[in-house]
Amino acid sequence: MQKTGFTLLELSIVLVIIGLIVGGVTVGSEMIRQAELSKVVHELQQIETAMHGFKLKYNALPGDLSNAKSYWPDNSQFAGFATPNGNGDGVLAESNTQVEKYGAWQHLALSGFMTQSFSGAAPAVPGVSVMGSALEGGAYQFRCTLATQCVSTSHFGRTGNFITLATMDASNTNFPVGPLLSTPDAQSIDAKMDDGIAHKGRVFGVNSTLTTGCSDNYTNAGADYQLTSTGPQCRLSYWY
């Protein structure tokens, strides 16, 4: 007589195989994500290295160089600005009338410290006017706090220049400010580069302009990552 159906042992073997497959997919996805986060760490380090190299060579921050035109006088990429020069005040201004926030990328490219080319003009488009990220939809931009033409509020008491990593959103085409990272992902990058604490060190996890679940308000000196939040909540600030 021909046997039909499965024995308990056979069903158990099938369930074990399915569990191994599902577990393998989950582990594989997590490994891929961690590799992407490691690329972000490398990208931030690459930007910082390029900026330090530029400053050593030209004695100014890229974008803020006051005599940039003397180095690159015939560069048509500066079209749209009254002058290609920064104002030399040590701050990368955020105003749309300034060359600095977009010119920083362009100066790094023209000087050979970065291999990409950038338009030097708004709006902020990853890979065109600002540097894109290994994370899909991610973009980097130079920003500043508590100076003329900068963000008016400090981040956990810190002021000066920083690099932000976020995603673009329709309400703001001048900066990537949307949520790109989950809170655990933001903390993971913070831990790889810094101390893993949202409000201390050089890496800050900051709520996106569209979300509030990454960390407490960045004016709160005791803020930290809200690890119970789910989905993309964070943008990242890296101070240099």
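This is a predicted model: local features need pLDDT of at least 70, side-chain atom pairs count only at pLDDT 80 or more; totals for chains, interfaces and linings use all residues.
Me: Where does Tyr238 sit, and is it buried or exposed?
Reply: Tyr238 is in strand β4 (residues 234-239), a strand being a DSSP run of E with at least two residues, numbered from the N terminus. Tyr238 is buried at 5% relative accessible area; buried means under 20%, exposed over 50%, partly exposed in between, with a 1.4 Å probe and protein chains only.

Me: Which polar contact does the side chain of Tyr238 make?
Reply: The Tyr238 side chain pairs with that of Arg202 at 3.4 Å. A polar contact is a pair of N or O atoms within 3.5 Å; within protein, one must be able to donate a hydrogen and the other to accept it, and residues adjacent in sequence count only if both atoms are side-chain atoms.

Me: Switching topic, how many salt bridges are there?
Reply: The count is 3, taking a side-chain nitrogen of Lys or Arg within 4 Å of a carboxyl oxygen of Asp or Glu.

Me: What does Arg202 bridge to?
Reply: Glu48, at 2.2 Å, N to O. Arg202 lies in the loop between α4 and β3 (203-207) and Glu48 in helix α1, so the pair ties together parts 154 residues apart in sequence.

Me: And which residues form a network?
Reply: Salt bridges link Arg33, Glu36 and Asp185. Arg33 meets Glu36 at 3.2 Å and Asp185 at 2.8 Å.

Me: What should I know about the numbering and cut-offs?
Reply: Residues are numbered from 1 along each chain as its sequence is written. Local features need pLDDT of at least 70, side-chain atom pairs count only at pLDDT 80 or more, totals for chains, interfaces and linings use all residues, and side-chain values use heavy atoms, leaving out hydrogens and water.

Notes:
Helices (H or I, at least four residues) and strands (E, at least two) are DSSP runs, numbered from the N terminus.
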